[in-house]
Amino acid sequence: MASVAEVKAAIDAALRHVEEGQQAVRAAGEQLGAAQQSLAAAVDGSGHEAVGAAHAALTQAATELDDCLAATVSAVEQAQAYAAAL
């Protein structure tokens with residue numbers, strides 16, 4: 001059985017991984033934002049159905065990344081609360 005100190009250390013390590021993941025998600029969000037701007041500039045004035053679908057898909061992806069970040073924040077809070085209770 002792991003000691004309390006070992007459990008806390010393992011939680012800290014997991015939280016570092018979460019932080020790295022959050023950074024990657026933020027970077028992906030920035031890239032999506034750049035993609036949205038590039039696409040908007042490239043197809044300015046187009047009313048083609050595919051353009052609207054592409055914009056909608058990128059917007060959905062950005063929303064899902066935001067949801068992902070929110071979920072990781074919640075996970076971190078719960079893990080920290082558990083570690084503090086040990």
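I began with Gln36, whose side chain makes a polar contact of 3.4 Å with the side chain of Thr59; for such a contact I required a pair of N or O atoms within 3.5 Å, where, within protein, one must be able to donate a hydrogen and the other to accept it, and residues adjacent in sequence count only if both atoms are side-chain atoms. I note at once that this is a predicted model, in which local features need pLDDT of at least 70 and side-chain atom pairs count only at pLDDT 80 or more, while totals for chains, interfaces and linings use all residues. Residues are numbered from 1 along each chain as its sequence is written, and side-chain values use heavy atoms, with hydrogens and water left out.

**Gln36 and its surroundings.** I placed Gln36 in helix H1, taking helices as DSSP runs of H or I with at least four residues, numbered from the N terminus. Leaving aside neighbours within four places in sequence, I found Gln36 in contact with His55, Leu58 and Thr59, where contact means heavy atoms within 4.5 Å. Gln36 has a relative accessible area of 23% and is therefore partly exposed; on this scale buried means under 20%, exposed over 50%, and partly exposed in between, with a 1.4 Å probe and protein chains only.

I then turned to H1 (residues 4–42) and H2 (residues 49–85), which pack at an angle of about 165° with their axes 10 Å apart; the axes are lines fitted to C-alpha atoms, for helices over the stretch in contact, and angles run from 0 to 180 degrees between N-to-C directions. H1 and H2 are therefore roughly antiparallel to each other, a label that I give to angles over 145 degrees. In the contact of H1 with H2 I recorded 22 nonpolar, seven polar and two charged residues.

**Gln22 and Thr72.** Which residue does the side chain of Gln22 join in a polar contact? I found that the partner is Thr72, side chain to side chain, at 2.9 Å. Gln22 belongs to helix H1, and Thr72 to helix H2. I counted Gln22 as buried because its relative accessibility is 11%, and Thr72 as buried because its value is 19%. Not counting residues up to four places away in sequence, Gln22 touches Leu69, Thr72, Val73 and Val76, whereas Thr72, with its neighbours within four places left aside, is in contact with Val18 and Gln22.

I looked next at Gly21, which lies in helix H1 and counts as partly exposed because its relative accessibility is 31%. From Gly21 to Gly33, 12 residues apart along the chain, I read a C-alpha separation of 18 Å. Gln78 and Leu32 are 46 residues apart in sequence, and I noted 29 Å between their C-alpha atoms.

Conventions:
Helix = DSSP H or I, 4+ residues; strand = E, 2+ residues; numbered from the N terminus. Parallel < 35°, antiparallel > 145°, perpendicular 65-115°, else oblique. Nonpolar A, V, L, I, M, F, W, Y, C, P; charged D, E, K, R; others polar.
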